[in-house]
2 protein chains.
Amino acid sequence: MRLAELSERSGVSVATIKYYLREGLLAPGRQINTTTAEYDEEHLRRLRLVRAMIQVGRLPVATVREVLGHVDDDSLGRTIRLGAALWALPQVPEPDEEDEYVQSAHREVDKLLETLGWSNSQALVTISPSYRSLVVAVAALRRLGYDWPPELVVNYAKLMHQAAVLDLDFVETHPSEAEKVETAVAGAIFVEPVLQALHRLAQEEESARRYGFE
Amino acid sequence: MRLAELSERSGVSVATIKYYLREGLLAPGRQINTTTAEYDEEHLRRLRLVRAMIQVGRLPVATVREVLGHVDDDSLGRTIRLGAALWALPQVPEPDEEDEYVQSAHREVDKLLETLGWSNSQALVTISPSYRSLVVAVAALRRLGYDWPPELVVNYAKLMHQAAVLDLDFVETHPSEAEKVETAVAGAIFVEPVLQALHRLAQEEESARRYGFE
């Protein structure tokens, strides 16, 4: 298809597509003469993903370029390629390792991983931003004196593991490796707002079931 | 306890406590003479909650006052008092009801609620911000052409319902009505970052289990 059709089918303006091409977020089309290039379904898919990262995920262009670099690097294994997407999401600030609540949150999260038997996550603690996010979240809770029982967090973790199984099962329904990785990146952007809205809705539902509308 | 002790035990400076008192976020202490007031455990608990809403939840002072107004209004039933907290959280912008993707997201979410048998949520669709958040999240997904199967969203919803059951079971372990409602408010602020971090960590764990670290 020509640029005009790519624009129409994707809903992205020609000017924006040209900007993405210049920024290297979209591979050039196949040049058929000096003024015309031809684009295919792969361009359409990639364009959709770039828009998702920029418009919904609010990632800066440099981060999008970095994520796509990993997505396209088939010398990397799938865990790393999927992880690259997840790790490019906006992260919480680095925890202050001198802080006593951060230190005790580290111990608490390490114990949680042990209880859960998440040995892969245990192997990744020094580099995983998700681990650091959890430490920051737990430290915030404890700093304010909230003593949620560790079993509660274990149970939340088990539910989130079931969600992760659903995520990856869905990723695996896609035929090509490129589509698998792209679906994982899109999922990293779209799943969280959906889960958050479902959680709030479920709280309303459950609350009304228990206490009615009075 | 005196103001100085309240400050020390809560970790909140005397100046900030005085500010919260002036803004009506904290009830005045029991005046024991013209210059000294006495505070109790209830003040300490409330102070912790106010800090959680302001520092962690990043709610504006006016919203905190509004939430506390509901929390303290024992003429309201528990569903409404718990909901008041949830509904005061930062919400997504209102969906554009003229937009075709928003309209079809409404139909899709309505169908989801029917499939799930969430009849209370069905009764709340016109007023619930959580419902609107879900519509916005689904519309974003569909606008970019991602066709996640509806069964996947049903399965995510069932997991989030189990999380909501855990939330409310924990709320109910607290003895007084005031503590129940305060725990629900704190939960609305703290649970989401914990679930999000656990979800990302679980994705890493599951991904490494399936594909290794290659």
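**View 1. Helix α3 of chain B in the predicted model.** Helix α3(B), residues 41–56, contains 16 residues and reaches 22 Å from its first C-alpha to its last, close to the 22 Å expected at 1.5 Å a residue (the expected span being 1.5 Å times one less than the number of residues). Helices (H or I, at least four residues) and strands (E, at least two) are DSSP runs numbered from the N terminus. Following α3(B) comes B:Arg58, whose phi is positive, near 55°. This is a predicted model, in which local features need pLDDT of at least 70 and side-chain atom pairs count only at pLDDT 80 or more, while totals for chains, interfaces and linings use all residues. Residues are numbered from 1 along each chain as its sequence is written, and chains are lettered from A, and ligands numbered from 1, in the order in which they are written.

**View 2. Buried residues of α3(B) and their cover.** The buried residues of α3(B) include B:His43, B:Arg46, B:Leu47 and B:Met53, where buried denotes 20 or more other C-beta atoms within 10 Å of the residue's own, exposed 12 or fewer, and partly exposed a count in between, with C-beta atoms placed from the backbone. Among the elements that cover these buried residues are α1 (3–10), α2 (14–22), α4 (61–72) and α10 (177–211) of chain B.

View 3. When its neighbours within four places in sequence are left aside, A:Tyr156 is in contact with B:Ala163, B:Leu166, B:Val194, B:Leu195 and B:Leu198, contact being defined by C-beta atoms, placed from the backbone, that lie within 7 Å.

**View 4. The side of chain A that touches chain B.** In total, 66 residues of chain A are in contact with 66 residues of chain B. On the chain A side, α3 (41–56), α5 (78–88), α7 (119–124), α8 (129–143), α9 (150–172) and α10 (177–211) each supply at least two residues, and the largest share, 22 residues, comes from α10(A). The residues of this side divide into 37 nonpolar, 17 polar and twelve charged, with Ala, Val, Leu, Ile, Met, Phe, Trp, Tyr, Cys and Pro counted as nonpolar, Asp, Glu, Lys and Arg as charged, and the others, Gly among them, as polar.

How values were computed
Two residues are in contact if their C-beta atoms, placed from the backbone, lie within 7 Å.
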